[in-house]
Amino acid sequence: MAHIIVVGNEKGGAGKSTVSMHVATALARMGHKTSALDLDLRQRTFGRYAENRAKFLATSGLDLPSPRYHELPEVAADQLKPGENVYDRRLSAAVAQLEADSDFIVIDCPGSHTRLSQVAHSLADTLITPLNDSFIDFDLLARIDSDGKKILGPSVYSEMVWSARQLRAQAGLRAIDWVVVRNRLGAQQMVNKKKMGDAVDNLAKRIGFRVAPGFNERVIFRELFPRGLTLLDLKDIGVKGLNISNIAARQELRELIKALNLPGVTANF
């Protein structure tokens, strides 16, 4: 049975699609059969990333390991059972179709609360939540006092993850391994960075997630998107000398894959 990785955060701009594409491509490069779904049916950033990759590889004559991207199947209204939600059926049909021939299924969720996102979280074996280094983003996880030290209570997204965990427990499924990834960290040791780190670590103990390092803010990610490429593809497209920023970014990806502790995966790239 496939291990399902859900990348979710109800706030836009946290780097979900960048994380999704790099994790999915890294798994494919390590020889794992990796399928991918994009549940943001409007923006489709992850889907566009995958389409850009397929088009670039076709025109350049390259054959690079890639995740297998799939659209959600359409379901006619007369195929639904009484009271059944069409989005539930579309997602469950997609996962059922991919599970038999996939080691991993990477699901990228929209930056908002939707029925598809809610259901996907309940399917997650591993949940990755990218979090920008900002108390504005932290507020999605928990309410905090004015000095940024005392946690007052969980916020809407944490409550949604809690509900997903309850559903899995009721179904007798293993618990979600929730990993909060600190993204877009500043290079300097600033007061805000330390406060954020302390707050995230404190919250992790209270509501049960692990903390992993993510990506620093880098121009390279925006430059790679039109060709659907990742940091792991640079040498294959003829980039002979990686600069310091690219090397550091590859190391960040390696550390992220290690931190996820996925079954049967070693970051050998």
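This is a predicted model: local features need pLDDT of at least 70, side-chain atom pairs count only at pLDDT 80 or more; totals for chains, interfaces and linings use all residues.
A pocket, in this talk, is found on a 1 Å grid over the protein atoms alone: it is an open set of points where a 1.4 Å probe fits, with protein on both sides within 12 Å along at least five of seven lines. Grid points are joined across faces, edges and corners, and a volume is the space filled by probe spheres set on the points.

Residues are numbered from 1 along each chain as its sequence is written, and side-chain values use heavy atoms, with hydrogens and water left out.

Let me start with the pocket. The largest one holds about 580 Å³ of space. Its lining, meaning residues with an atom within 4 Å of a point, has 28 residues, and G15, K16, S17, T18 and R184 lie nearest the centre. Which elements give two or more residues to that lining? They are α1 (16-29), α2 (45-60) and α8 (219-224). Those labels come from DSSP runs, numbered from the N terminus: helices are H or I with at least four residues, strands are E with at least two. By residue type, the lining divides into 8 nonpolar, 12 polar and 8 charged. Here Ala, Val, Leu, Ile, Met, Phe, Trp, Tyr, Cys and Pro count as nonpolar, Asp, Glu, Lys and Arg as charged, and the others, Gly among them, as polar.

Next, the interior. Buried means under 20% relative accessible area, exposed means over 50%, and partly exposed is in between, using a 1.4 Å probe and protein chains only. A nonpolar core is a set of buried Ala, Val, Leu, Ile, Met, Phe, Trp, Tyr and Cys residues joined through side-chain atoms within 4.5 Å. The largest such core has 42 residues, and those with the most contacts inside it are I5, V23, L27, L256, I257, L260 and F269. Elements giving two or more residues to this core include β1 (3-7), β4 (104-108), β8 (177-183) and α9 (244-260), along with α1, α2 and α8. A second, separate core has 37 residues, including L37, W178, V180 and M196.

Contact means heavy atoms within 4.5 Å. Not counting residues up to four places away in sequence, L256 touches V19, V23, V181, A212, P213 and F215.

S117 sits in helix α4 (residues 115-123). Is S117 buried or exposed? It counts as buried, because its relative accessibility is 1%. Beyond its neighbours within four places in sequence, S117 is in contact with L39, C109, P110, S112 and M160. H32 is in the loop between α1 and β2 (34-38). H32 is also buried, with a relative accessible area of 17%. With neighbours within four places again left aside, H32 contacts L27, D103, F104, G264 and V265.

On to charges. A salt bridge is a side-chain nitrogen of Lys or Arg within 4 Å of a carboxyl oxygen of Asp or Glu. How many are there in the whole structure? The search finds 18.

I will show three. R48 and E51 meet at 3.1 Å, N to O; both are in helix α2, 3 residues apart, about one turn of the helix. R48 is partly exposed at 36%, and E51 is partly exposed at 28%.

The second pair is R68 and D101, whose closest N and O atoms are 3.1 Å apart. R68 is in strand β3 (residues 68-70) and D101 in the loop between α3 (86-99) and β4, so the pair ties together parts that are 33 residues apart in sequence. R68 has a relative accessible area of 30% and D101 one of 40%, which counts as partly exposed.

D133 is in the loop between β5 (126-132) and α5 (135-138), while R182 is in strand β8, 49 residues apart. Both D133 and R182 are buried.
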